[in-house]
Amino acid sequence: KPSISFYPPVTFAQVYCRVRPLGVEDEECCIEVISSATIQLHAPEGFKTNRNGEYKETQYSFKKVFGVSISQIELFEHVAKPLVDDLIHGKNGLLFTYGVTGSGKTFTMTGSPGQGGLLPRSLDMIFNSIGPYQAKRYVFKTDDKNGMEVQNEVDALLERQRRENNSHYFDFRQKLDPEIADMIKSEEAYKTEGVDEDSSYSVFVSYIEIYNNYIYDLLEENQEDAIKPKPPQSKTLREDQNHNMYVAGCMEVEVKSAEEAFQVFWRGQKKRKVANTRLNRESSRSHSVLIVKLAQAPLDADGDNILQDKNQVTVSQLCLVDLAGSERTGRTGAEGTRIREAGNINQSLLNLRTCIEILRENQLCGTNRMVPYRDSKVTHLFKNYFDGEGKVRMVVCVNPKADDYEETLLVMRFAELTQEVEVARPVDRPICGFTPGRRHRNQAFKEELSRKLDERGGPIDGGKLYVPSVINSMVHCLPPLPSSELADPNDDITLPRLIEALHNRHRIRQMMIDEYNNAGSMLQELDNNLISKENVIHEQNGKLVDKEKIIQNNKAEIERLEKRTKMQEHKIDILQKTTKIYEDDQRTLKYELETREQRLQREQSDKRRLEQRMQGVVTDTQYKWEKECDRRVNAMQLEMQNKLWVKDEKLKQLKAIVTESKTPGRPDPPPRQTQRQPQSQGGGQAVQFTDIETLKQERKRKSSEGTPANGDHTDGAWTDVETRCSAAVEMRAGSNLGPGYEHHGITKRRKP
């Protein structure tokens with residue numbers, strides 16, 4: 001069986017790098033583009049990569065490096081366009097984006113209005129290339145085992161009617177969502193060269209996501225139950241008869257234009273798991289895979305119908321994968337479900353890395369270690385690509401900010417490993433052996449036949465032309481021949497008569513030829529006039545076509561402006577709603593401010609009243625204490641006067657006692673020196689007992705001289721004096737002795 005080899009003997013995985021612009025101009029950058037194929041990583045400030053404290057700079061090489069100023073169309077031309085060319089020529093391809101969360105993977109794959117990414121541009125290029133050669137809908141039909149069948153037009157028509165009556169069928173008559181309109185400009189369209197015109201094509205699209213290591217169909221219609229909604233069912237991976245992996249039970253939608261394909265994609269995109277994290281407002285929490293299948297089958301020998309042979313059907317597919325970004329839970333602030341999602345994402349990416357490392361080791365070192373494809377759904381699904389069933393291309397998206405330096409370093413190491421892996425091997429595509437150019441010749445034959453029939457007035461009597469009937473009528477117009485039977489050899493009548501008849505027929509024939517020539521010339525003139533008129537009509541038709549193109553362009557421009565108007569109206573509605581929310585918040589805050597001002601005024605008035613009240617209380621208390629102090633001062637003054645008076649009385653009594661106790665013959669005591677009377681703490685004069693001390697000294701001196709004649713009397717007298725002095729000294733303020741109390745010394749009498 002003849003075959004064609006498509007791939008060279010050795011093909012490596014091609015890795016590209018795209019650098020995202022910095023969000024803030026003054027933010028520190030850790031990536032520098034050295035050349036078109038090399039970048040250099042700088043360790044940020046405060047991050048030491050070596051033990052000696054020196055900064056380490058590393059360089060990494062790629063197939064091509066796209067800087068911050070690269071456009072989406074340039075990226076598509078270098079990365080995805082060759083894969084689309086291979087898809088149309090019957091070869092498989094895998095393209096996935098890889099990088100840290102927030103590095104621009106989804107923008108690279110999907111894009112935005114006016115800046116379509118790799119995915120919409122690939123779909124547009126596919127349909128620009130195979131548009132005139134597409135088969136009718138449902139002529140190609142997928143089976144449940146990753147195969148493709150071919151139906152005749154009658155079965156396809158019945159299938160189309162059945163699908164259109166189904167409520168779960170995709171309605172492509174709806175207008176495009178404004179969010180996905182104008183993804184690609186008309187001047188940016190691409191087209192594949194060398195498309196096989198003798199084949200018919202059909203495109204099938206399926207869209208899945210791998211969430212927490214489970215596969216879910218994003219195009220599956222779930223029955224809505226308001227009471228008890230059912231969660232989506234996960235799908236399983238299976239292997240077909242050609243040992244290719246596929247998702248069993250996954251919905252595959254046949255599309256006939258890039259708009260339909262992107263509409264199907266956007267319908268599934270709205271169901272994809274996304275969440276808000278600290279690093280990314282819409283962070284992808286799952287790996288999304290868009291599978292584009294292209295089925296092609298050759299036409300029959302007549303170039304009219306598709307060849308009804310399942311073995312002649314070629315199915316090629318292009319997988320566009322948007323991997324979720326690797327992240328650290330400490331930086332994203334993930335909690336609960338987000339932590340579980342991040343763990344599964346990192347685990348699947350780690351398993352992908354492990355498979356690449358083992359595959360590279362087996363190829364470089366000649367070992368035969370088992371590659372753990374089954375440890376993760378991502379690697380298990382794309383096992384065939386890494387085993388050589390198609391080309392693999394990876395776009396590494398990096399964010400040059402310093403916070404992502406450590407994660408970017410790991411991404412670069414993984415990309416460096418991937419470039420050294422062989423992933424493509426020769427594959428064979430069956431060829432039918434028919435003469436090329438069948439479709440073109442069949443179409444040219446149909447056009448020529450249609451033109452001829454239009455010129456001749458159309459088919460009559462089963463398609464035979466009107467020429468034989470014209471010839472027959474012309475033959476019947478000639479005069480009949482006379483009887484040419486000869487009964488006698490000497491008959492001179494029959495032959496002259498026959499000769500005359502033949503001459504007449506010859507003359508009539510010559511006249512008819514002349515008339516025919518005249519009519520031919522007239523017809524030629526008419527044909528020339530008709531051709532000139534047709535040329536004029538053709539020119540007018542050309543002008544009409546140009547006008548129609550202008551009208552179509554104007555209509556397309558009007559539709560684009562209408563879409564933009566709708567988008568602007570949608571944005572205006574959002575802004576109005578936002579403005580209304582802000583106005584409500586402003587009114588609420590203003591009301592709260594007024595309420596707080598009123599409360600503050602009330603508190604200030606209460607404070608002033610409390611100050612006035614406290615001032616009155618302080619004044620009353622001060623007045624009361626002043627009166628109390630005056631009363632206490634007067635009482636103390638009166639008490640001190642009484643004490644001074646008591647002391648004066650005591651001194652008088654003491655003097656009287658001292659005077660009475662003196663004997664007549666005793667000499668007078670020496671005169672006392674005049675001293676200043678000390679004052680007591682109460683302001684009165686302190687009592688000095690100088691006279692008493694003098695009396696005591698006199699007593700001791702007399703007793704030492706000894707006068708026995710009157711000794712007893714003297715001792716008694718001195719004793720009485722001492723007793724009375726002691727009684728006078730012990731009198732103090734507050735005692736029971738009042739100011740009028742007089743202490744008189746009484747002479748003690750001895751018993752006889």
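**The cavities**

Guide: In this predicted model, the count comes to 4 cavities of 30 Å³ or more. About 60 Å³ of space lies in the largest cavity. Its lining consists of 14 residues, and those closest to its centre are Met109, Tyr207, Phe265, Ser288 and Asp322. Several elements of the chain contribute to this lining: helix H3 (105-109), helix H6 (258-269), strand E20 (287-298) and strand E21 (314-322) each supply at least two residues. By type, the lining of the largest cavity divides into 8 nonpolar, 4 polar and 2 charged residues.

Next comes the second largest cavity, with a volume of about 50 Å³. Phe96, Val321, Leu323, Leu352, Val378, Thr379, Phe382 and Phe386 line this second space. Here the division is 7 nonpolar, 1 polar and no charged.

How are such spaces found? Rolling a probe the size of a water molecule over the atoms shows where empty space is left.

For the setting, consider the whole chain. The protein chain has 16 helices and 24 strands, and buried residues make up 34% of its 752 residues. Among the contacts in the chain with a separation of 6 or more, 73% are between residues 24 or more positions apart. The chain exposes about 48,400 Å², of which carbon and sulfur atoms supply 51%.

Technical notes: Residues numbered from 1 in each chain as written. Predicted model: local features only at pLDDT ≥ 70, side-chain atom pairs only at ≥ 80, totals over all residues. Heavy atoms only, no water. Helix = DSSP H or I, 4+ residues; strand = E, 2+ residues; numbered from the N terminus. Buried < 20%, exposed > 50% of the residue type's maximum accessible area, 1.4 Å probe, protein only. Contact = heavy atoms within 4.5 Å. Areas by Shrake-Rupley, 256 points an atom, 1.4 Å probe, with all protein chains shown as cover. 1 Å grid on protein atoms, 1.4 Å probe; cavity = no way out; pocket = protein on both sides within 12 Å on 5 of 7 lines; lining within 4 Å. Points joined across faces, edges and corners; volume = space filled by probe spheres on them. Nonpolar A, V, L, I, M, F, W, Y, C, P; charged D, E, K, R; others polar.
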